[in-house]
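Me: I would like to go through this structure one feature at a time. Please give the general idea first and then the case at hand.

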Amino acid sequence: MTTLLAHRYRLGEIHEFRAEGADFIYLVTAGAIFAADGATRKVLDLLAQGELDHDDLVRALIGDGLSAVDAEGLVRELRLARAIEANQVVQGLTPAAPPADFPLQALVLNVTNQCNLACTYCYEFGADKIATPAGKPKYMTVETAKSSVDFLLGSAGRREAVHITFFGGETLMNFRLLRDVVLYADEAAAAAGKRITYSLTTNATLLTDEIIQFLSDHAVGVTVSMDGPPELQDARRVYKNGKGSYAVMEPRLRKLIAGHKTRAVTARVTLSAGVTDVKRIYQHLKHDIGFHEVGFAPVTSADEREYSLNGDAMTGVLADFEALADEWLDYALQGKVHGFTNVSETLSELIAGSNKSHPCGAGLGLLGVSPSGDLSPCHRFTDADTHTLGHISTGLDQEKREDFLTRGHVAAKYECTSCWARPLCAGGCHHEAFVRYGDTGHANLHYCDWIRQWTDRCLQIYGTLAQKNPEFLERFAERKGLQ
Ligand code: SF4
Ligand code: SF4
């Protein structure tokens, strides 16, 4: 056999998984998913035993019944997709220079760093807090907020749509500013020929009928920080006098869900020691309270704290996540939408073919603005002088931004460069890395197994739907704006 492709092949970076009795491969370098037919399976099995010359590989496929043309075609296809690689290819990632002028897409405005609650795990109060330098304002002024809107619109390049998230402290402690900013930004965006959308995060204790009406009228997406039924909510989400917040927020929350007609209302649960019963929390928030969607995240802590989740607790959380993921899949197979956002978000990224250079948009398309107008990579870094990336009045400090992005690039995180989950994880949250390891560019190695198992579970969900209800996947992608 003569061929111009005198390569010796080995397996590329792939993660194999099975769903509904079929084989799939997740192509790590492309962030793409392929169903593996019999011939592809044969190639993978052969190369799993060791490297093979091109001719030997093609010959084996012909011996298995493929025509010479089909065998050559398959090898070429797998090579182009990088499911297999020629052995002269150097494995690993090369750190790329961060984009110099990435257009801005979203700003998170920390409209106040004050809060009427004192949740015991909160990074605004707890050990994880990045110290607020003295002399910084507690509330953002309207002038700073308007300058932020102008900065966003002026830095958005050709983007047609931009987004503002309002964050705190407790966001609604500065509702008047929020209202003025939305009215100003609506006009400014229209004048700039752009669409603008809004969201906010709140503890819901200060909601009034007037606020709910405003949020609904202006289609402001609302995320409520809430940890579950009374005994779990009140375990750590307390007032400064130690009193739980459930009784105050619950009636307001019900009014919000009934009165907010234009956007989904989402719960965001912080899992901490003793607050890990994911299934029960989901049941309460979704079915008893009526949230449209519920998402969960483990608490961030620098070291062993009273509220930290240990390894056993995280194993239990994963088991509960998997049970809820099964329920999510059952719903999807029946064409119904389930509200467990941890599946929806991962699946969205898989469908979109995410292959991230950085774990999130922080410092890229997204920036945080502190009450003083300082810019930071995201809302979690605001008011920390060590992470300031400029000021709203003077613009971005490109050098600092570049340093942040270079250190946070997945290729700069040694362990991640050979991890199959890196297209979605990319090393994990910069802020959590800073809290845990003192370096925003450190990989979050404490949860790798967890991340890989969860990603694998979501890949299986994708594979099952691809076979049994592909129409659902299409509708899901459409709803999420992925097509
Ligand atoms: S942090 Fe861990 S799971 Fe995430 S990409 Fe890096 S090695 Fe993989
Ligand atoms: S750094 Fe962490 S908290 Fe900030 S946007 Fe990224 S994932 Fe979110």
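Me: Is Ala426 buried or exposed?

Reply: A residue is buried if 20 or more other C-beta atoms lie within 10 Å of its own, exposed if 12 or fewer, and partly exposed in between, with C-beta atoms placed from the backbone. Ala426 has 24 other C-beta atoms within 10 Å, so Ala426 is buried. As for conventions, this is a predicted model, in which local features need pLDDT of at least 70, side-chain atom pairs count only at pLDDT 80 or more, and totals for chains, interfaces and linings use all residues. Residues are numbered from 1 along each chain as its sequence is written, while chains are lettered from A and ligands numbered from 1 in the order in which they are written.

Me: Where is Ala426 placed, and what is its phi?

Reply: Most residues other than glycine have a negative phi, and most peptide bonds are trans. Ala426 is not a glycine, yet has a positive phi of about 55 degrees. Ala426 sits in the loop between H13 and helix H14 (430-437). Helices (H or I, at least four residues) and strands (E, at least two) are DSSP runs, numbered from the N terminus.

Me: Which residues does a cis peptide bond join?

Reply: The bond is between Gly168 and Gly169, with omega of about 25 degrees. Gly169 belongs to the loop between strand E8 (161-167) and helix H5 (175-192).

Me: How many residues surround ligand 1?

Reply: A residue is near a molecule or strand if its C-beta atom, placed from the backbone, lies within 6 Å of it. For ligand 1 there are 15 residues, the closest being Cys416, Cys419, Arg422, Cys425 and Cys448. Helix H13 (422-425) and helix H15 (448-468) are the elements that give two or more residues to this shell. H15 gives the most, with 3 residues.

Me: What is the make-up of that shell by class?

Reply: Ala, Val, Leu, Ile, Met, Phe, Trp, Tyr, Cys and Pro count as nonpolar, Asp, Glu, Lys and Arg as charged, and the others, Gly among them, as polar. The shell around ligand 1 has 8 nonpolar, 3 polar and 4 charged residues.

Me: Which residues are around ligand 2?

Reply: They are Pro359, Cys360, Ala362, Cys378, Arg380, Cys429, His430 and His431. By class, the shell around ligand 2 has 5 nonpolar, 2 polar and 1 charged residues.

Me: What span should the 21 residues of H15 have?

Reply: The expected span of a helix is 1.5 Å times one less than its number of residues. For H15 that gives 30 Å, and its end C-alpha atoms are 30 Å apart, which agrees. Buried residues in H15 include Trp454, Cys458, Leu459 and Leu465.

Me: How far apart are the end C-alpha atoms of helix H10 (residues 311-333)?

Reply: They are 33 Å apart, in agreement with the 33 Å that its 23 residues should span. In H10, Phe321, Leu324, Ala325, Trp328, Leu329 and Ala332 are buried.

Me: What do the buried residues of H10 pack against?

Reply: Two residues are in contact if their C-beta atoms, placed from the backbone, lie within 7 Å. The buried residues of H10 pack against helix H9 (278-289), helix H11 (341-352), H15 and helix H16 (470-479). Just after H10, Gly335 takes a positive phi of about 80 degrees.
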